[in-house]
Amino acid sequence: MGEISETSAKILIVDNDEKILSILQEYLELCHYQVTTVPSGLDALMLLRSGDYNVLLTDIVMPDISGLGLIEITRKEFPGLPIIAMTGYGRQVKNLTSERSPDYYLEKPFDLTQLSKVVHSVLHKE
Amino acid sequence: MNICDQILAGKSPSILKVKELIRQVANSDLNVIICGESGVGKELVAQALHLCSNRKGKPFVKVNCAAIPGELLESELFGYERGAFTGADRTKVGKFELAHSGTIFLDEIGDMPLSLQSKMLQVLQDFQFSRLGAKTDVRVNCWVLAATNQDLEQSVREGLFREDLYYRLNIIRIFIPPLRERPEDIDVLIDYFAGRFAEKIERTLFEFTDGTRDFFHQYSWPGNVRELKNTVERLMILGDWRTVKVELMARETKQFGSHELTTQPPPPVPDDYDVVTVQKKKFPPLKEVKKKAVREAEGKLISEVLTETDWNRKRAAKLLQISYKALLYKIKELNLRRED
């Protein structure tokens, strides 16, 4: 993937917790990213299929399309798109998420500075 | 009209969402669990998924896990070799093999015995299994759809359903709300079933007037869409609205606990009787009241303990005598927040 500058990078964040969405959006916009947030996997998939994003940041345990489902579909349809998974659930969910090989896995609660490092890292990966 | 619209009638936001979900995931091959009360149309959603997918010309095999005794369910699903047990005088192919290259629909999956759930998990992980009495494994390629009217999360907490299997099935979750929560679908469903049935019987003795439709909107439909369909068809055959209306009223009153009608037949209802005044007061189902009371009590206790421990969740979990993970789940479910 070619270099993408911070200000042109578009991040799609999916989480069914509106408060988390709001916090992550505010923080990543301060880091000068263009951020879109949606509360469900279904909304995210529809946006991915109609839009153009540089990073997907997704919760795992969600209604309708889970993060696990979203990662699998994204890997098939958008193979170059970096995926960062995040969840606060236990071992079962963690193992299932790892099986789907996201680029990074963040365990909630996580430090926001860690998130910005991870986002930066996936955008500048060769 | 596309397949979804042909199979699933309705215009409520929740049904439109179900149709959109079907369209978006139909070719994903990801495990799907369809949830909802009895009679909402879970099997129809499964059929719609299959018909909207690339597997549409291939087998669609349904298994009702509640209808088959637990000890027979394994052989039904996975088949057996000749001589595997007394009475196995020939090899039998199971439903998973019959569904190869197509779709298998496991209805009432919450009733699957715990002992069989581990084999089910293996199939979902490795796409292979062994028939009873076989020495080698069989590989299958089929899309797995499941359905339940139970609260599987609760079943997991009670140790009745495997947690790992639960998460493997919940890759895509389609929830169909009960009919009473989407009254805007009632007229659409009346017209849909009346139209189809009229073609089938080539006549109709009944016209759905505004008065009839009003009653349909007032009624709570405990049997959901299946009950509405049966009622429409019954009306079209009998042509007798009075009889059917009284039966529905009796069914609803019995469900909400009026003891008068359990001992006597319902009184005849005159044509000009205002149906709405018969149901002066609507009572919520007892199950919902109980659920709400439990939620409130849990929320209050957990909040108190979290405040007491200064939101040290590990300590709080110990005091509440639940696992740390269960506490995290409760905090999220009850939307508990720390007040600064």
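Which residues in α16(B) meet Y324(B), L327(B) and L328(B) in α17(B)? They are R313(B), K314(B), A316(B), A317(B) and L320(B), with contact taken to mean that two C-beta atoms, placed from the backbone, lie within 7 Å. The model is a predicted one, so to speak of a local feature takes a pLDDT of at least 70 and side-chain atom pairs count only at pLDDT 80 or more, while totals for chains, interfaces and linings use all residues. Residues are numbered from 1 along each chain as its sequence is written, and chains are lettered from A and ligands numbered from 1 in the order in which they are written.

Back to that helix pair in chain B. Helices (H or I, at least four residues) and strands (E, at least two) are DSSP runs, numbered from the N terminus. The axes of α16(B) (residues 313-320) and α17(B) (residues 324-333) come within 9 Å and cross at roughly 100 degrees; axes here are lines fitted to C-alpha atoms, for helices over the stretch in contact, and angles run from 0 to 180 degrees between N-to-C directions. The two helices are therefore roughly perpendicular to each other. On this scale, angles under 35 degrees count as roughly parallel, over 145 as roughly antiparallel, 65 to 115 as roughly perpendicular and the rest as oblique. By class, the contact of α16(B) with α17(B) has six nonpolar, no polar and two charged residues. For these classes, Ala, Val, Leu, Ile, Met, Phe, Trp, Tyr, Cys and Pro count as nonpolar, Asp, Glu, Lys and Arg as charged, and the others, Gly among them, as polar.

α16(B) also packs on α15(B) (residues 286-308), at an angle of about 130 degrees and with the axes 9 Å apart. That makes α15(B) oblique to α16(B). Their crossing is right-handed; a crossing gets that name if the near helix is turned clockwise from the far one by less than a right angle, and is left-handed if anticlockwise. I302(B), V305(B) and L306(B) of α15(B) make the contact with A316(B), L319(B) and L320(B) of α16(B). Sorted by class, this contact has six nonpolar residues, no polar and no charged ones.

Another helix pair of chain B is α9(B) (residues 186-201) with α10(B) (residues 210-218), whose axes come within 10 Å and cross at roughly 120 degrees. These two are therefore oblique to each other, and α9(B) passes α10(B) in a right-handed crossing. I186(B), D187(B) and I190(B) of α9(B) touch R213(B), F216(B) and H217(B) of α10(B). The class count here is three nonpolar, one polar and two charged residues.

Now for the sheets. Chain B has an open sheet of five strands in the order β2-β3-β6-β1-β7, with parallel pairing; two strands pair if DSSP finds at least two bridges between them. β2 (60-64) and β7 (172-175) of chain B stand at the edges with a single partner strand each, so one side of each is left without a neighbour in the sheet. From one strand to the next, the twist averages 20 degrees. Four bridges join β1(B) (residues 32-35) to β6(B) (residues 143-148), and V32(B) has L145(B) as its bridge partner in β6(B). Elsewhere in chain B, E108(B) has a positive phi near 55 degrees, although it is a residue other than glycine. E108(B) sits in the loop between β3 (103-107) and α6 (114-126) of chain B.

Chain A has an open sheet of five strands too, ordered β2-β1-β3-β4-β5 with parallel pairing. Its edge strands, β2 (34-38) and β5 (104-107), each pair on one side only. Five bridges join β1(A) (residues 10-14) to β2(A), and V14(A) stands opposite V38(A). α1(A) lies across β1 and β2 of chain A, running at about 175 degrees to β2(A). After α1(A) comes H32(A), with a positive phi near 75 degrees. The peptide bond from K108(A) to P109(A) is cis, with omega near -5 degrees, and P109(A) is in the loop between β5 and α5 (112-123) of chain A.

Where the chains meet, the contact takes 16 residues from chain A and 15 residues from chain B. On the chain A side, α2 (41-50), α3 (67-77) and α4 (91-99) each supply at least two residues. α3(A) gives the most, with four residues. By class, the chain A side divides into nine nonpolar, five polar and two charged residues.
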